[in-house]
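Please examine the sequence and the structure shown below before reading this report.

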Amino acid sequence: MDKHEFNNEKTQFGFWVYLMTDLLMFAALFATFAVLRKNTFGGPSGRDLFNLQFALTETLILLTSSFTCGLGIIFAQKKKVKQTVIFFGITFLLGISFLGMEIYEFSHLITDGNSPQRSAFLSSFFTLVGTHGLHITSGLLWMIILFIQIFRKGLTDSNLRKLTLLSIFWHFLDIVWIFIFTIVYLMGAVL
Amino acid sequence: MMNFIFGKLTLDALPHAWFTIGGTATITLGGIATALLLTKYKKWKWLWEKWLTSTDPKKIGIMYIIVASLMLFRGALDALMIWTQQAMSTGSSHGYLSPAHFQQIFTAHGDIMVFFVTMGFLFGLINFIVPLQIGARDLAFPFLNTLGFWLYVAGVVLINMFFVFGGDFAAAGWLSIAPLSELQFSPGIGVDYWIWSLQISGIGSLIGGINFIATIIKMRAPGMSLFKMPLFTWTSLCSMVLVVSVFPILAVTIALLNLDRFFGMHFFTSTAGGNPMMYTNLIWTWGHPEVYILILPGFGIFSEVVSTFSQKKLFSYSSQVAAAIGVTLLSMVVWMHHFFTMGAGADVNAFFGIMTMFIAVPTGVLVFNWLATMFRGKIVYSTPILWFLGFVATFTFGGMAGVLMSVPPADFQVHNSLFLVAHFHTMIIGGALFGIFAGLTYWFPKFTGFKLDEKLGIYSFWFWLIGFFVSFIPLYILGFMGATRRLDHYSSSTGWQPLFITSLIGFCIIAIGAGIQVLQVIVSIKNRKQNLDTTGDPWNGRTLEWATKSPPSFYNFAIIPEVKDRDAFWDIKQGSRVKDQGLMEKYEDIEMPKNTAMGIYVAGFLFVFGFAMVWHIIWLAIITLIGTIVCFIIRAFDDESEYVLPASEVAKIEEGRIHG
């Protein structure tokens, strides 16, 4: 195994361990949400607040972005810079729109008086979904940095490695979102 | 306007109690003296280039150990203040501390000893020793290692910041249990210092955990399969697996508490639907594995020490590894025994009680294995093995107290009593700290090139051991008599004072032991010529760290060794594999990480960020957060973080023509 391959393997392994820690962080937030979701303190519950169509649209946008991200990586492995940038560009735009929808939802809730300070349920809702949103934000920031690096040096080994990590991160956020959609929105609307 | 610039920070906050002024004076004078010395001997550049910005795990390890030693002194002063107060404060006397001060001091003692002393020592030892034991030249991610260290330092400084900038220390116990730690009941900024100090240093530990797992899994020398790893590496791996499993939970818990306090949310408040019991559950889900994070590397140190000083192969290596893994897994399903009295119900309590009892099984396996290793060994009674023997006595003793408390009905009697306090001090002092002392004595020649003075080491051990029992046996008794923990005053009709005074005497005996240790280091440095370790293998060691010279070159191994046996170095020594013949042509170019100051910058920004958040200085918080992100972006653009050391240079260093 040459040096470059070894670096790849080492970094990817470390990144997976990091993702597991991040997953545990989300697990703790999910547990908190599960404990507190009935504690509406006389305020609105999930059933009163959530718009399933809206959440479904968010989900579809994020899922599509994962798909385009996957395509981007395939082209990156074939060293096709143009297609890579195009597909990651689409991923980026989809990510931005997802984030925009989330910010819209949050500000809408807050202007209606359903701020995170209102009840334990709302605190845990905003924190869980907001933490995911923060991760998406950092993913987008990372994407911008990688765009600049690719424009400067092309798809070097080091850039390809970083791009692979980014795509793992992006898929990871997608999976977490599936859980948020199921547990927060779907179960919130039904149970 | 002033509010905008300074947030909640006002002149009133500056230190005004005698002990904070004392602390401030010590820190300031110490800082000025250090700065003057550095300037006088023109050492600033040396300090910056050779140490502070270093990515060498050996140097980072030593820096960890130095900071942890300073914090040990600080935590011990807190202990002295607690003990003195309790020895005095009975009947009409109320001691010399107000209840408010007393609360801050026991909180500080717990936090400092767990987060900044024990964790610091362990990360220090692991940094120095694990890469050597697995035959690696460096860690998997050198930059993350310096970053983790500097985040730890940022946490240390932040938790002591109240000495300088004022405000109070947290007064809600070392875990800041909610709802006491909520704004309603702790309106000062003490808990906020606690939050940010632990959050920042906790992220440092998490990064360290990821780094060491990747290092141990991916960077072992050829031939070293997992089941050929030395026990210290194994237990460090277990400990780091626990770190990455539970530190995320700590990060979340502290973050949620901060959301409550800073943004007025309702996770753990007693109003608006908050659930304080959730806090207790979350913090102990981290907290119980944390005590095993502290003790597991100690187990590994003892395995190395026992095997080396009995001059024997470790007895039943695989059952030791299995026991370490068993402890790791079980430690994650026992957290509820910290609050049997919360009212989770008999079934839940029974489950956690039984799981707790189970932990005694793998721990027992370890103890029997160590004793069996000594059996028919040629034992050399040097200081490290004395620490081990002291550990067996105290740890078994404290462990049995633990098993007693794992029975929920019995626990209801001693919950929150001094019996519990005595129990966990027995485990952490008698287990983790004795392990650290054994490790520091054992590996000292590897750190510095000379051994510690043996005689003073033995004296210090006996003072520690006797002092330990004199101070903690009374606490066990007091606990049975009904004394609760964290008492700043008790009625004279209880008749407890003689026991508290005995306990204080015990502390003084321990303090003499600690004083002798300081003396030991000074004397050993002075007489280092007599104790020089010229071979790199002063104890007739068995594992790979002894195959390097003492102290090792910065690249650890000029030639990565080939491992064929569990006791890799023993195997090399016994076999006919000659060390030095014809190696000249085999030297290869070595890629090493460059020094970087980026860890210091990031930690510096996060430190100021934490400070700004404590005092609600919003503009500063935003600027420093952006600063942190910019640092990471700059780092991301730096593709040349390594340099190549040519084989000819390696040869020169190895032949002693250049100092390595």
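## The interface of chain A and chain B

The model discussed here is predicted. In it, 36 residues of chain A are in contact with 34 residues of chain B. The size of an interface is often given as the accessible area lost when the parts come together. For chain A and chain B, the buried area is about 3000 Å², with 72% of it on carbon and sulfur atoms. On the side of chain A, the residues that lose the most area to chain B are Lys10(A), Phe13(A) and Gln117(A), which together account for 18% of what that side buries.

Between chain A and chain B, 9 residue pairs are in polar contact. Three elements of chain A give two or more residues to the side that touches chain B: H1, helix H5 (120–153) and helix H6 (157–190). Of the side of chain A that touches chain B, H1(A) gives the most, with 18 residues. Sorted by class, this side of chain A has 17 nonpolar, 12 polar and 7 charged residues.

## A salt bridge between the chains

Side chains of opposite charge can pair when their charged atoms come close. Over all chains, the structure holds 11 salt bridges. Across the interface of chain A and chain B, 1 salt bridge is found.

Lys218(B) and Glu9(A) form this kind of pair, and their closest N and O atoms are 2.7 Å apart. The pair crosses between chains: Lys218(B) lies in helix H8 (residues 190–218) of chain B, and Glu9(A) in helix H1 (residues 3–36) of chain A. Lys218(B) has a relative accessibility of 24%, so the residue counts as partly exposed. Glu9(A) is also partly exposed, because its relative accessible area is 34%.

## Salt bridges within chain B

Lys573(B) and Asp537(B) meet through their side chains in a salt bridge, at 2.7 Å from N to O. This pair links distant parts of the chain, 36 residues apart: Lys573(B) is in helix H18 (residues 568–574) of chain B, and Asp537(B) is in the loop between helix H17 (497–526) and H18.

Asp567(B) and Arg542(B) both lie in the loop between H17 and H18 of chain B, so the pair ties together parts that are 25 residues apart in sequence. Asp567(B) is buried, with a relative accessible area of 10%. Arg542(B) counts as buried too, at 5% relative accessibility.

## Helix H11 of chain B

Helix H11 of chain B (residues 317–330) has 14 residues, and at 1.5 Å a residue they should span 20 Å. The expected span is 1.5 Å times one less than the number of residues.

Which residues of H11(B) are buried? They are Tyr317(B), Gln320(B), Val321(B), Ala323(B), Ala324(B), Val327(B), Thr328(B) and Leu330(B).

Terms used:
Residues are numbered from 1 along each chain as its sequence is written. Chains are lettered from A and ligands numbered from 1 in the order in which they are written. This is a predicted model: local features need pLDDT of at least 70, side-chain atom pairs count only at pLDDT 80 or more; totals for chains, interfaces and linings use all residues. Side-chain values use heavy atoms; hydrogens and water are left out. A salt bridge is a side-chain nitrogen of Lys or Arg within 4 Å of a carboxyl oxygen of Asp or Glu. Helices (H or I, at least four residues) and strands (E, at least two) are DSSP runs, numbered from the N terminus. Buried means under 20% relative accessible area, exposed over 50%, partly exposed in between (1.4 Å probe, protein chains only). Contact means heavy atoms within 4.5 Å. Buried area is the accessible area (1.4 Å probe) that two parts lose on being put together, summed over both. A polar contact is a pair of N or O atoms within 3.5 Å; within protein, one must be able to donate a hydrogen and the other to accept it, and residues adjacent in sequence count only if both atoms are side-chain atoms. Ala, Val, Leu, Ile, Met, Phe, Trp, Tyr, Cys and Pro count as nonpolar, Asp, Glu, Lys and Arg as charged, and the others, Gly among them, as polar.
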